[in-house]
Amino acid sequence: MASLRETIRASLKKEEARRQSASPDEARQADPIAAISPIIMPKWGLAMIEGTVVAWQAEIGSNIAAGQDIMEIETSKIANVYESPVTGLLRRIVVQEGETVPVGALLGVCAPASISDAAIEDFVKTFLETFDGKGAIIGSEPVTETLEVAGKITRFVRRGDGPGAAILFVHGFGSDCLSWFCNQEVLAERHTTYALDLPGHGGSSRALGDGDLAALAQSVMDFMDRLEIEAAHLVGHSIGGAACLSLALDHPSRVASATLLAPAGLGPAINMEVIEGLIAQTRARGLRGTLERQVSDPAMITSAMVDAIVKHKRLDGTEAALSKLRDGLFPAGQQQLIDPDRLARLSVPVQAIWGEDDRILPVDQAAALPESVKIIRHPDVGHLPHIEKADAVNAAIAEWIAQAQ
């Protein structure tokens, strides 16, 4: 953004004389570019290249705060609210509702009331003239890799090349390594990261062993061994969270820290209708209803998301594999529980993040965790906090890892 500001400054030479003769305080007020804050189309995930503004939730002339929900954006993967990256007075809306623009495009402008309309017009004009929609598009469709791990194929996505312990993402039931599209790239800016497909999911082998929690935890350990990862920061969702917690209990030296997102294994109750739907539904219409129950706001589930999951569910052996996992993880319709005595011996830094509107695994199951575990609860969030509240979750993961290093 620095070079863009310099370009815009060049178009505002009429301000130069006044800046030179003004006091330092007046000079700061007279520099319109320093006071203008652009709001740009965010990049949510590895494959996002554009987004559609569905609705603005802020009006011109309103004061907005960083972190405030200011608009709804839909991408090819998901629809979600956009939290303002800046604090200030919303002076201009550039992209109207229903318009689709590339990542990095100017959506709106915040600036103090003291900044002239002419200065804002020049800022917007120069931004649009210098932005070609190409340089802001970072990354591409995620590249997946495969490895033979303990005699079975494991698919994964590798991003980043940062120092220290790697971050390993472990997905939930019926999902895959691509479900971390809101998280992996952000955290890969400073860390080496891996997201793997558990057995029976995505592009990994359908062989499940006993199809229980111990088998899933072992598959994660085997993956770490295959890549010679001595210790990792684990991030696990749902059954992936249970697998990460199991590893932290049995092999604490291999776990630098763990973030558990709505983890399984802590209480008997589970919404088996959703589990059965993830197994049996192979058509978009039926699967959409199942997916919508996983989030607080059903509008987040896009047709592209549904179609992608349908495609993977139709792969040979998927239904049988998920059925075996159901029987191993949720016998008689209740969760396979982690032994409370084992939980009491937890020695690894662990935090749990849960949505208060979770209709799959009730948030009160967090009470089973020992007092040493930090628990973060988000209102108006369902079973997918890493997608529904991605910015906050990413920040919490980054902070937790920094503390553990």
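G51 in strand β2 (residues 50-56) has V101 of β7 as its bridge partner. The model is predicted, with local features requiring pLDDT of at least 70 and side-chain atom pairs pLDDT 80 or more, while totals for chains, interfaces and linings use all residues. Residues are numbered from 1 along each chain as its sequence is written, and side-chain values use heavy atoms, with hydrogens and water left out. Helices (H or I, at least four residues) and strands (E, at least two) are DSSP runs numbered from the N terminus.

**The four-stranded sheet**

- β2 and β7 pair in the antiparallel sense over three bridges; two strands count as paired if DSSP finds at least two bridges between them.
- The pair belongs to an open sheet of four strands, ordered β5-β4-β2-β7, with antiparallel pairing.
- β5 (79-83) and β7 (100-102) are the edge strands, each with a single partner, so one side of each has no neighbour in the sheet.
- On average, neighbouring strands of this sheet are turned by 40 degrees against each other, direction ignored.
- β2 is joined to strand β4 (residues 69-74) by four bridges, and the two run antiparallel; V53 has I73 in β4 as its bridge partner.
- β4 and β5 also run antiparallel, joined by five bridges, and M71 stands opposite Y82 in β5.
- Four residues lie between β4 and β5, which form a hairpin.

**Helix packing**

Axes are lines fitted to C-alpha atoms, for helices over the stretch in contact, and angles run from 0 to 180 degrees between N-to-C directions. Angles under 35 degrees count as roughly parallel, over 145 as roughly antiparallel, 65 to 115 as roughly perpendicular and the rest as oblique. Contact means heavy atoms within 4.5 Å. Ala, Val, Leu, Ile, Met, Phe, Trp, Tyr, Cys and Pro count as nonpolar, Asp, Glu, Lys and Arg as charged, and the others, Gly among them, as polar.

- Helix α7 (residues 213-226) and helix α8 (residues 239-250) cross at roughly 75 degrees, their axes coming within 9 Å; α7 and α8 are therefore roughly perpendicular.
- On the α7 side the contact is made by L213, L216, A217, V220 and M221, which meet I239, A242, A243, S246 and L247 in α8. This contact of α7 with α8 has nine nonpolar residues, one polar and no charged.
- The axes of helix α9 (residues 272-280) and helix α12 (residues 318-329) lie 9 Å apart at an angle of about 155 degrees, and α9 and α12 are therefore roughly antiparallel.
- M272, I275, E276, L278 and I279 of α9 meet E319, L322, S323 and R326 of α12. By class, the contact of α9 with α12 has five nonpolar, one polar and three charged residues.
- Helix α10 (residues 284-292) and helix α11 (residues 303-313) have axes that come within 10 Å and cross at roughly 110 degrees; α10 and α11 are therefore roughly perpendicular to each other.
- A284, L287, R288 and L291 of α10 contact S303, V306, D307, I309, V310 and K313 of α11. The contact of α10 with α11 divides into six nonpolar, one polar and three charged residues.

**Aromatic pairs**

- The whole structure holds seven aromatic pairs; rings of Phe, Tyr and Trp (its six-membered ring) pair if their centres lie within 6.5 Å, with planes under 30 degrees apart counted as stacked, over 60 as edge-to-face and the rest as tilted.
- F156 and Y194 have ring centres 6.3 Å apart and planes at 50 degrees, so the pair is tilted.
- This pair links distant parts of the chain, 38 residues apart: F156 is in strand β10 (residues 152-159) and Y194 in strand β12 (residues 193-196).
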